[in-house]
Amino acid sequence: MKRRNSKVYRWWLFLAALTLVVMGLPLWLSPAAASNTITILEEHFDAPQVPAGWSVNNLLAGIGWRFDDPGSRGNNTGGNGGFAIADSDHAGFVQMDTSLETPSMDLSSYAQVSLEFKTYYYPYMNDYVTVDVSNDNGITWTELWKQTSTAFEGTVNLNLTAQAAGKANIKIRFHYGNAYYAYYWKIDAVKVSGETAPVPTPIPPTPTPSAPVAPSALAQ
């Protein structure tokens, strides 16, 4: 009886292991593509009137958001140039309750949504400011951010994904309320950004390679 040649035996073991590895590889790989961040809305209030598509709603006619800096306050929001201001101090002894609303936005194709704006809030007594979001074109509102008795200056970043992503008829409002001869609230550089869902990039399947053929010249 012939003794098994150890070289041949080891070669066949190698071929068997290689075949198992090759056959076990995935045939369809789909690495996620990079998501795409898009600026949906951006406003710097450089013109002295309500921007196109925006709206101002006041408790008292003409007593609310303005874009011409009626009290000559200057832009200390961190932005440059023009800005929006609800100036209760300039309005005097009247009740100011005013909302500045963005245009309606269709965000149904976005997986993530964020809001950024620069602001300076100078409170007095019982006035307050809020940022709210609506998904029914302004019929109902959900409060996202609020300041009351503490002055605030800087950039605000808010995640609106839960309230706005994948939905149409979205509006955002900047509400200054209960201000009776108080001070003022300024905003500038409003930016709404959306991130689309990553789309996998398919890779065609790689043909399964044939198992290597054992060399015929090995000694028996």
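Colleague: How far apart are the closest N and O atoms in the salt bridge of R173 with D132?

Modeller: This is a predicted model. R173 is in strand β10 and D132 in strand β7 (residues 128-134), 41 residues apart, and the pair links distant parts of the chain. A salt bridge needs a side-chain nitrogen of Lys or Arg within 4 Å of a carboxyl oxygen of Asp or Glu. The closest N and O atoms of R173 and D132 meet that at 2.8 Å.

Colleague: Is D132 buried or exposed?

Modeller: Buried means under 20% relative accessible area. R173 has 18% and therefore counts as buried. D132 has 2% relative accessibility, so D132 too is on the covered side of the cut-off: buried.

Colleague: Which residues are linked with R73 in a network of salt bridges?

Modeller: D89 forms a salt bridge with R73, with 2.8 Å between the closest N and O atoms. D89 lies in helix α2 (residues 88-91) and R73 in the loop between β3 and β4, 16 residues apart. D89 is partly exposed at 25% relative accessible area, and R73 is partly exposed at 28%. The residues networked with R73 are D87 and D89.

Colleague: How many salt bridges does a search of the whole structure find?

Modeller: One further example is the bridge between the side chains of R66 and D68, at 2.9 Å from N to O. R66 is partly exposed at 32% relative accessibility, and D68 is partly exposed at 39%. For the whole structure, the number of salt bridges found is five.

Colleague: What kind of aromatic pair do F45 and F67 form?

Modeller: A search of the whole structure finds 14 aromatic pairs. In the pair of F45 and F67, the centres are 5.9 Å apart and the planes are at 20 degrees. Planes under 30 degrees apart count as stacked. The pair of F45 and F67 is therefore classed, on its 20 degrees, as stacked.

Colleague: Where in the chain is F67?

Modeller: F45 is in the loop between β1 (37-43) and β2 (55-58), 22 residues from F67, and the pair links distant parts of the chain. F45 is buried, at 1% relative accessible area, and F67 is buried, at 8%. F67 is in the loop between β3 (65-66) and β4 (84-87).

Colleague: The charged end of K146 sits over the ring of which residue?

Modeller: A charge sits over a ring if NZ of Lys or CZ of Arg is within 6 Å of the ring centre, with a limit on the angle as well. The charged end of K146 is 5.2 Å from the centre of the ring in question, which belongs to Y128.

Colleague: What is the bridge partner of L100 in β10?

Modeller: Strand β5 (residues 95-101) is mostly covered, with five of its seven residues buried. β5 pairs with β2 in the antiparallel sense over four bridges, where V56 has L100 as its partner. Six bridges join β5 to β10, again antiparallel. In β10, the partner of L100 is F174.

Colleague: Which residues form one aromatic cluster with F174?

Modeller: F174 was named above as the bridge partner of L100 in β10. The cluster with F174 is made of W65, F117, W145, F152 and W185.

Colleague: What is the area of the nonpolar surface patch made by F93, Y180 and Y181?

Modeller: Y180 is found in strand β10 (residues 171-180). Patches take residues with over 30% relative accessible area, and Y180 is partly exposed at 46%. The patch made by F93, Y180 and Y181 covers about 350 Å².

Note on methods
Residues numbered from 1 in each chain as written. Predicted model: local features only at pLDDT ≥ 70, side-chain atom pairs only at ≥ 80, totals over all residues. Heavy atoms only, no water. Patch = residues over 30% accessible without salt bridge, like charges linked within 9 Å, V, L, I, M, F, W, Y side chains within 5 Å. Areas by Shrake-Rupley, 256 points an atom, 1.4 Å probe, with all protein chains shown as cover. Helix = DSSP H or I, 4+ residues; strand = E, 2+ residues; numbered from the N terminus. Buried < 20%, exposed > 50% of the residue type's maximum accessible area, 1.4 Å probe, protein only. Phe/Tyr/Trp six-rings, centres within 6.5 Å; stacked < 30°, edge-to-face > 60°. Lys NZ or Arg CZ within 6 Å of the ring centre and 35° of its normal. Pairing = 2+ DSSP bridges.
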